[in-house]
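Here are a few exercises to work through with the model open beside you. Try each task before reading its solution.

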Amino acid sequence: MNKATAGGGGTTMLRRINVAAVLDAVRRSAPAPLRVAELVERTGLARPTVAQAVDELLDAGWLQQHGPDSADRSLGRPAIRVSLRGRAAPVLGLDVGPHRVTVGVSDLAGRKLALVRRSGPGWTAQELLGVITEVIAEALAEAEVPAEDIAAAVAASPGIVDEHTGRVRLVPSVPGWSAIDLIKHVRSLLDCPVMLDNDANLAALAIAAARGGTGTLLAVQWGERLGAGIVIDGRLHRGTGAAGEIGFIAPDPDDVIDPDDSRGPLERAVGSEAIAQLGRQAVQAHPESKLAQLGKDHKLGTADVFAAAADRDPAAQAVVQQVARAFARALAPAVLVLDPTAVVIGGGVARAGAVLLDAINDHLRSLTLNHPKLELSALAEDAVVTGAMRMALDDVWARKLPQPALATP
């Protein structure tokens with residue numbers, strides 16, 4: 001009797017492992033559909049085993065069925081194809097900053113269903129919670145996904161995330177933010193597992209996934225604030241919790257704009273607001289410059305500085321050189337210690353283009369031994385929310401695939 005029970009349990013367990021193997025193979029192919037023959041090849045399982053697993057996954061709602069493609073029709077083989085049913089377990093990513101909240105909703109195959117941004121002049125902690133509530137509701141409506149269908153959510157925040165308390169500390173840009181339980185607030189809106197991580201860490205994960213490959217990646221998130229994420233052979237390096245806080249590196253004192261500012265020293269020297277301020281100072285010194293012409297119709301901003309520099313305006317080029325020099329000097333010790341394969345810059349400043357990248361390259365080359373490849377992220381301001389959605393998807397799969405029982409989504 002005991003032997004029969006063990007045998008039956010073993011058979012059930014084996015079937016569940018086979019189903020998980022088929023589901024994982026379809027996931028890795030997403031969003032492209034696969035035929036049963038292709039699943040047999042990718043899993044190494046027998047065709048009847050794969051066919052049974054596909055039937056179970058279709059019944060459970062994890063897969064959707066497609067008709068044969070044109071090649072199958074021409075050969076007279078009406079083979080069905082299957083792919084992930086993306087809405088079986090959609091996820092949500094939240095990027096919270098002092099002046100912007102971004103929410104993205106992704107399906108199970110990683111396709112974005114919605115991306116909603118809300119900008120403001122700066123919010124208190126309580127005001128920010130209200131904005132988060134509104135933007136999440138707007139994103140869910142745009143994606144046409146009920147809140148109860150969200151399978152996992154990841155929130156990104158500036159500052160250092162305390163893994164023991166789930167709170168954010170050291171966020172001077174949002175007064176009172178360290179006292180807020182963001183995980184609890186988001187969970188009350190979605191009723192699903194919610195995780196919280198540093199924004200630069202999540203941007204690094206997204207950038208690393210977009211680049212592929214192995215090696216060491218230093219991903220810099222550069223906007224009004226500065227932070228970095230470190231990914232080594234596909235794994236995020238956190239240190240004791242504050243790895244990558246490059247905004248607190250102290251550059252040359254002459255590069256710091258306002259020493260009384262609450263931001264980190266490097267942020268005060270080369271953050272987006274500092275770049276704009278340097279541009280406005282250049283206008284006063286060079287009223288004949290193209291920068292001055294740009295500043296006649298509106299308050300000069302960071303984008304204006306880079307646009308004028310790209311147009312070979314000497315005053316703007318001098319600002320870019322000052323920023324690039326300060327950034328390279330601050331970054332060089334990290335590059336020397338980590339010896340990264342690449343340094344990728346994301347965030348709003350990434351839109352500066354070659355005019356900034358070339359200047360940083362010139363300064364960094366003289367300060368390092370093995371000069372890493374320097375790139376601008378194509379994700380720009382979307383890197384953080386993309387990383388949040390990716391981590392949420394990883395959490396869904398980590399919970400679903402290893403389980404001995406297949407749950408209906």
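Helices (H or I, at least four residues) and strands (E, at least two) are DSSP runs, numbered from the N terminus. The model is predicted, so local features need pLDDT of at least 70 and side-chain atom pairs count only at pLDDT 80 or more, while totals for chains, interfaces and linings use all residues. Residues are numbered from 1 along each chain as its sequence is written, and side-chain values use heavy atoms, leaving out hydrogens and water.

**Exercise 1. Backbone in the loops**

Solution. Now turn to Glu144, in the loop between helix 5 (125-143) and strand 7 (152-157). Its phi is near 60°, again positive in a residue other than glycine. Finally, look at Pro31, in the loop between helix 1 (2-29) and strand 1 (34-35); the peptide bond from Ala30 to Pro31 is cis, with omega near 5°.

**Exercise 2. Buried or exposed?**

Classify Asp382 and Lys373 as buried or exposed.

Solution. First, the cut-offs: buried means under 20% relative accessible area, exposed over 50%, and partly exposed in between (1.4 Å probe, protein chains only). Asp382 has 16% relative accessibility, so it counts as buried. Leaving aside residues up to four places away in sequence, Asp382 touches Lys112, Leu115 and Arg117 (contact means heavy atoms within 4.5 Å). Lys373, in strand 15, has a relative accessible area of 52% and is therefore exposed. Its C-alpha atom is separated by 4.5 Å from that of Ala342, 31 residues apart along the chain.

**Exercise 3. Helix 13 and its partner**

Check the span of helix 13, then describe how helix 12 and helix 13 cross.

Solution. The expected span is 1.5 Å times one less than the number of residues. For the twelve residues of helix 13 (residues 354-365) this gives 16 Å, and the end C-alpha atoms are 16 Å apart, which agrees. Next, the axes, which are lines fitted to C-alpha atoms over the stretch in contact, with angles from 0 to 180 degrees between N-to-C directions: those of helix 12 and helix 13 come within 8 Å and cross at roughly 50°. Angles under 35 degrees count as roughly parallel, over 145 as roughly antiparallel, 65 to 115 as roughly perpendicular and the rest as oblique, so helix 12 and helix 13 are oblique to each other.
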